[in-house]
Amino acid sequence: MSFMRRAALASAALLLVAQPVLAATPPKPVAAQKVAPKAVKKAAPVSDFTPSAEIIKTHMAFLADDLLEGREAGTRGYDIAANYVAAQYALLGVKPAGDNGSYLQRVPLISFRPAGDGAMTVTGPDGQTVALTFGEDFLPTPQAQAADLTVEAPVVFVGYGVVDATRNRDDYAGLDVKGKIVVMLGGAPASIQTEERAHLSSPNTKRAEAEKRGAIGVITLSTPSGEKRRPFKAGVAGMKSWRVVWRNAQDVGAIRAAGTPSLASLSQAGAAKLFAGAAGSLETAMAEAEKPEGAVKGFNLATKVKIELKTEIQKSESSNVVGMIEGSDPTLKAQTIILSAHLDHIGIKPNAKPGEDAINNGALDNASGIATLLEVARGFKNSKVRPKRSIVLLAVTAEEKGLVGSDYFAVHPTVKKADIAANVNLDMPVLLYPFSDVIAFGSDRSTIGEVVKHAAGRVGIGVSPDPLPEEGLFTRSDHYRFVEQGVPSVFLMTGFQNGGEKAFTTFLKTNYHNPADDLKQPIDYTAAARFALVNYEIARELANTPVRPTWKKGDFFGAAFAPAGHPSAAK
């Protein structure tokens, strides 16, 4: 596409937001009851906002254009996208809520990857040392806080390394791991509820438990079923990929449980060498791990491990884009409803063939979410009745790098953390069919669930249960970083009814995270307008409900992140 056409596209995008445009056809209002003619009254509108399919289309056309080169965090293309969103906030009259009176919140990033193969040796009880082979026995884990790291210590096997008080489970029971390296199985037992299993499987969660007990490093080992899903050899190809975290006040990578870093992953062959001479059996442990309860018993290993790691580290910058629509209630306006969506995508495809489309435009992932956020913002700004609580509009960076931008904001919010009442997250609505239902991940864990049902029902949209519980999607998008701060959150996805399942699965197979996720897809912009309406209604009701959202009593995540005394704790 020529430069002149790109410039015209950008100008059109700005003009369309500033001027009246063709609106999408709104859903039909609820029919009034039949009464005597003199008593008939005009039916009240379902919503005070009619989203525009044309405005959403215009936003998506700019954000998914080749000019932005796939919007990878830390690149020129992403910065163009961030400035575009900031310009839209300004046109709408949204108050800046970033750093120093601007719309941008600086997010300092650090990228890191292995520099070389590293080295790992195992010393047995007889003093004999065996060098493990890179790519066959072990893969090194790069470090975000040190270019050179050497760790040497005895090793303890801790099963899955899961600690869960709600299930009276402690895989460290009876084991002393202080000053030692722990080796643990990846994942968590299959019998644990999927969303909770995803949390307990997280390396961050597991390393935090190891750190509490004084361990100085973690080695991970796949179960047999895990090896089938993702063979050890497949990890070799990804070793040169950059990993990204944000930088802390010490200007190094912000790593949770930094005192107990991940050191390496082992193949089955490498594990056999590590477990040589141990009192416990690796084969028995693996067999037990495959059972639903996964009640694997840990034991001390007879070996000592030395790991030497070298890491290549680069620093960069990116930005979240933050605006605020102030609430109208003298008391409630101090509280905020965060409406979030990730602005970044995965950039330019490496090693593309000559003439091949190499730009990952990210039309549905997640230009559609950002376009929805901007259109919902227009709804609030044009409403005759301002919301009681304040609405924070948050376009985040580096979601594709591991929810990095949302994590930075959740830890360093530009508004008072204790006053963040709820988060509504917008990520990759599959707008390829006339959806009739939505899936509201996480809504049943807090009082947000009732709000979602009311709001969706008002505009004729059903709310369906999670059709993919095995994926643990509640823990896999930006809203989860708010959950980790104790904030009740919801993530909406277009549902599987009315052709949704086929549209979703086909998109994942043929378009997701590749250049085919572009504007050539048969995007249904009327459906996009309806998706904006559902999210507007949810955010509006959350902003206006008298009682602040709280976690349901006994909920796993509420108990983990919002204990008694937290503003969002179960009442």
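## Briefing: one chain, from whole to detail

The chain exposes about 24400 Å², and carbon and sulfur atoms supply 55% of that area. The model is predicted. Of the 571 residues, 53% count as buried. The points below start with the whole chain and end with single residues.

**Overall build**
- The chain has 16 helices and 19 strands.
- Its radius of gyration is 25 Å, close to the 25 Å that the globule rule gives for 571 residues, so the chain is as compact as a globular protein of that length.
- Along the principal axes, the C-alpha atoms fill a box of roughly 95 × 55 × 45 Å.
- Take the contacts with a separation of 6 or more: residues 24 or more positions apart account for 84% of them.

**Charge**
- The chain carries 63 positive and 58 negative side chains.
- The centres of these two sets lie 6 Å apart.

**Backbone features to look for**
- Most residues other than glycine have a negative phi, and most peptide bonds are trans.
- A cis peptide bond joins Asp-365 and Asn-366, with omega at about 10°.
- Asn-366 sits in helix α10, which covers residues 363-382.
- Glu-69 is not a glycine, yet its phi is positive, near 50°.
- Find Glu-69 in the loop between α2 (53-63) and α3 (76-92).
- Ala-257 also has a positive phi, near 55°, and is a residue other than glycine.
- Ala-257 lies in the loop between β11 (243-246) and β12 (262-266).

**Buried or partly exposed?**
- Glu-69 has a relative accessible area of 29%, so it counts as partly exposed.
- Ala-257 has a relative accessible area of 11%. Buried means under 20%, so Ala-257 is buried.

**A closer look at Arg-476**
- Arg-476 belongs to the loop between β18 (462-464) and α13 (479-483).
- Its relative accessibility is 47%, so Arg-476 counts as partly exposed.
- Which residues does Arg-476 contact, leaving aside its neighbours within four places in sequence? They are Glu-399, Leu-403 and Glu-471.
- With Glu-471 there is also a polar contact: the side chains of Arg-476 and Glu-471 are joined at 3.0 Å.
- Arg-476 and Ile-181 are 295 residues apart in sequence. In space, they are 28 Å apart, C-alpha to C-alpha.

Definitions and conventions
Residues are numbered from 1 along each chain as its sequence is written. This is a predicted model: local features need pLDDT of at least 70, side-chain atom pairs count only at pLDDT 80 or more; totals for chains, interfaces and linings use all residues. Side-chain values use heavy atoms; hydrogens and water are left out. Helices (H or I, at least four residues) and strands (E, at least two) are DSSP runs, numbered from the N terminus. The radius of gyration is taken over C-alpha atoms; the globule rule is 2.2 Å times the number of residues to the power 0.38. Buried means under 20% relative accessible area, exposed over 50%, partly exposed in between (1.4 Å probe, protein chains only). Contact means heavy atoms within 4.5 Å. Accessible areas come from the Shrake-Rupley method with a 1.4 Å probe; for residues, only the protein chains shown count as cover. Lys and Arg count as positive and Asp and Glu as negative; His and the chain ends are not counted. The place of a charge is taken as NZ of Lys, CZ of Arg, CG of Asp or CD of Glu. A polar contact is a pair of N or O atoms within 3.5 Å; within protein, one must be able to donate a hydrogen and the other to accept it, and residues adjacent in sequence count only if both atoms are side-chain atoms.
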